[in-house]
Amino acid sequence: MRVRATTAATAAATAMLLAALTACGGSDGGNGGDKADAKSSGGSKGSSAKDVDCGDSGISQADWMKHCSDEGADSAADGTEKKATGLKFGGSYTWPDGLKVSVTEAKVFTDHDSELMESAEPGNTDFRVKLKLTNSGKSAVALDDLSLIVEGATNGGEAAQTAFEKGGAPLEGRLAPGVSATKTNDNVLETKYGKKVVVIVQRNSDDYNLDFPEFTGSITG
């Protein structure tokens, strides 16, 4: 009877031990699975933060404009290209059709052509504005549509437009896609208005909402 009782007790203890081990194993497996699921979920979220595929037909318009269009790419590379006011000489602005403009300098002009009766007048500053234009769009651009207004930036005054013969490259003709060019615009400003100026680049267009970028700098030389 003692042997039978001992055997029964041993069997009961063994069964309890196995049940405990099974419960522990199930619990570990459950936690491990939860961690794996969480890791997998995190990986899924991480993988979604990838570069925009511009060839994906399902891409949103906002993403395409920001990452894929020429204008969006330019804007991302240079934050000033969409800003029309507060620009400095050397800065740039890009219109929606891809025409990019930059006022690179304004310099006192002294190379007058005496044969054409060109000469500096006392009380005036003759100067030449240089612009760099790049057509990053898909169609040719008429440069005749561009014109400048130059104003004194210190105490008023507006420059008078003129055209000096030597070295001039006026805004005329067309600019093909993918081409850059340097053009000039000549002016005369009364010396009493100083040498700090604002150059406003206007553009003839049917779009009345089109911005005219403004560049501020000083006449050098």
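Analyst: A residue counts as buried when its relative accessible area is under 20%, and as exposed when that area is over 50%. By that rule, 27% of the 221 residues of the protein count as buried. The model is predicted.

User: What elements does the protein have, and in which order do they run?

Analyst: There are three helices and 11 strands. Starting at the N terminus, the order is α-α-α-β-β-β-β-β-β-β-β-β-β-β. Among contacts with a separation of 6 or more, 66% are between residues 24 or more positions apart.

User: Why is Gly-221 called exposed?

Analyst: Its relative accessibility is 75%, and the cut-off for exposed is over 50%, so Gly-221 counts as exposed. Gly-221 belongs to the segment after strand 11 (214–220).

User: What does Gly-221 contact, leaving aside its neighbours within four places in sequence?

Analyst: Val-108 and Lys-195. A contact needs heavy atoms within 4.5 Å. Val-108 is 113 residues from Gly-221 along the chain, with 5.2 Å between the two C-alpha atoms.

User: Is Gly-152 buried or exposed, and how do you know?

Analyst: Gly-152 has a relative accessible area of 14%. Buried means under 20%, so Gly-152 is buried. Gly-152 is part of strand 6. Beyond four places in sequence, Gly-152 is in contact with Gly-157 and Lys-196. The C-alpha atom of Val-199, 47 residues away along the chain, is 9.0 Å from that of Gly-152.

User: How many aromatic pairs are there, by the rule for ring centres?

Analyst: With ring centres required to lie within 6.5 Å, the count is two aromatic pairs.

User: What makes the pair of Tyr-93 and Trp-95 edge-to-face?

Analyst: The ring centres of Tyr-93 and Trp-95 are 5.6 Å apart and the planes stand at 85°. Planes over 60 degrees apart count as edge-to-face, so that is the label for this pair. Tyr-93 and Trp-95 are both buried.

User: Why is the pair of Phe-109 and Phe-164 called stacked?

Analyst: Here the centres of the two rings, Phe-109 and Phe-164, are 4.4 Å apart with the planes at 0°. Stacked requires planes under 30 degrees apart, so the pair is stacked. The pair links distant parts of the chain, 55 residues apart: Phe-109 is in the loop between strand 3 (99–108) and strand 4 (124–135), and Phe-164 in the loop between strand 7 and strand 8 (174–175). Phe-109 and Phe-164 are both buried.

User: How do you know that the charged end of Arg-203 sits over the ring of Trp-95?

Analyst: The rule asks for CZ of Arg within 6 Å of the ring centre and within 35 degrees of the ring normal. The charged end of Arg-203 is 5.1 Å from the centre of the Trp-95 ring and is found to sit over that ring.

User: Which residues lie nearest the centre of the largest pocket?

Analyst: Pro-170, Leu-171, Thr-184, Asn-185 and Asp-186, out of 14 lining residues. The volume of the largest pocket is about 160 Å³. By class, the lining has seven nonpolar, six polar and one charged residues. Strand 6 (146–152), strand 7 (160–162) and strand 9 (180–190) each supply at least two residues of that lining.

Note on methods:
Residues are numbered from 1 along each chain as its sequence is written. This is a predicted model: local features need pLDDT of at least 70, side-chain atom pairs count only at pLDDT 80 or more; totals for chains, interfaces and linings use all residues. Side-chain values use heavy atoms; hydrogens and water are left out. On a 1 Å grid over the protein atoms alone, a cavity is a set of points where a 1.4 Å probe fits but cannot get out, and a pocket is an open set with protein on both sides within 12 Å along at least five of seven lines; lining residues have an atom within 4 Å of a point. Grid points are joined across faces, edges and corners, and a volume is the space filled by probe spheres set on the points. Helices (H or I, at least four residues) and strands (E, at least two) are DSSP runs, numbered from the N terminus. Ala, Val, Leu, Ile, Met, Phe, Trp, Tyr, Cys and Pro count as nonpolar, Asp, Glu, Lys and Arg as charged, and the others, Gly among them, as polar. Buried means under 20% relative accessible area, exposed over 50%, partly exposed in between (1.4 Å probe, protein chains only). Rings of Phe, Tyr and Trp (its six-membered ring) pair if their centres lie within 6.5 Å; planes under 30 degrees apart count as stacked, over 60 as edge-to-face and the rest as tilted.
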